[in-house]
Amino acid sequence: MRHNKAINHLGRQSGHRKAMLSNMACSLILHKRIETTVAKAKALRTYVEPLITKSKEDSTHSRRVVFSYLKQKEAVTELFRVVAPKIADRPGGYTRILKTGFRQGDGADMALIELVDFNEAALASTAKKETKKTSTRRAGRKAKAAAEAPAAEAPAEQKAE
């Protein structure tokens, strides 16, 4: 039984685990999508989402708190300049985990973890769904036939003159 087992230790001691999660969070922020195991992706989600929430308020204190977790100046800059404005109105759920199958070597369950607002494919598909028009077939035929009839007569009249 796993009573009072709040976090997944990922088979590592605390120093190694903190360093690994910090490096993975920096990679996720810089690249917007990384591939890892499902267990690490779930642990990373609980690590990085509070940092993204903290980045919504761009103050010296929040930058210092986030830097104490990430330890890479480029990642902190990217988080506050690029990521934070894009997720400003989102009330949480900044990451998405997509399971991709099993790793060839050891059969580990693999996943993609990505920032939700930076997935161009998903954003493009939702934009296409919103712009799609719906019309009935009957009305479309009548409108098309009416538009074609005057267009067909106009060139014939110009040739006769």
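Which residues of H2 are buried? In this predicted model, the buried residues of helix H2 are Val 38, Ala 41, Ala 43, Leu 44, Tyr 47, Val 48, Glu 49, Leu 51 and Ile 52. The points below begin with this helix, move on to the sheet on which H2 packs, and end with Ser 55, which lies in the loop between H2 and H3.

**Helix H2**

- Helix H2 covers residues 38-54, a run of 17 residues, and it reaches 25 Å from its first C-alpha to its last, which is close to the 24 Å expected at 1.5 Å a residue.
- The helix also has a kink of about 25 degrees, and this kink is centred on Arg 45.

- An open sheet is formed by 3 strands in the order S1-S3-S2, with antiparallel pairing, and its edge strands are S1 and S2, each of which pairs on one side only.
- Neighbouring strands of this sheet are turned against each other by 25 degrees on average, when direction is ignored.
- Helix H1 packs on the sheet and touches S1, S2 and S3, while its direction makes about 145 degrees with that of S1.
- Helix H2 likewise packs on the sheet, touching S1, S2 and S3, and the direction of H2 makes about 135 degrees with that of S1.

**Strands S2 and S3**

- The strands S2 and S3 run antiparallel and are joined by 7 bridges.
- Ile 97 has Ile 113 in S3 as its bridge partner, and Leu 98 stands opposite Leu 112 in S3.
- In a regular strand, the side chains alternate between the two faces of the sheet.
- The hairpin of S2 and S3 has 6 residues between the strands, and in this hairpin Gly 107 takes a positive phi near 75 degrees.

- Ser 55, in the loop between H2 and H3, counts as buried because its relative accessibility is 1%, whereas the cut-off for a buried residue is under 20%.
- A polar atom of the side chain of Ser 55 lies 2.6 Å from the backbone oxygen of Ile 52, and Ile 52 is itself one of the buried residues of H2.
- When its neighbours within four places in sequence are left aside, Ser 55 is in contact with Leu 79, Phe 80 and Ala 84.

Terms used. Residues numbered from 1 in each chain as written. Predicted model: local features only at pLDDT ≥ 70, side-chain atom pairs only at ≥ 80, totals over all residues. Heavy atoms only, no water. Helix = DSSP H or I, 4+ residues; strand = E, 2+ residues; numbered from the N terminus. Expected span 1.5 Å × (residues − 1). Bend = angle between axes of the 7 residues up to and from the residue. Buried < 20%, exposed > 50% of the residue type's maximum accessible area, 1.4 Å probe, protein only. Pairing = 2+ DSSP bridges. Axes fitted to C-alpha atoms, helices over the stretch in contact; angles between N-to-C directions. Contact = heavy atoms within 4.5 Å. Polar contact = N/O pair within 3.5 Å; in protein donor to acceptor, adjacent residues only side chain to side chain.
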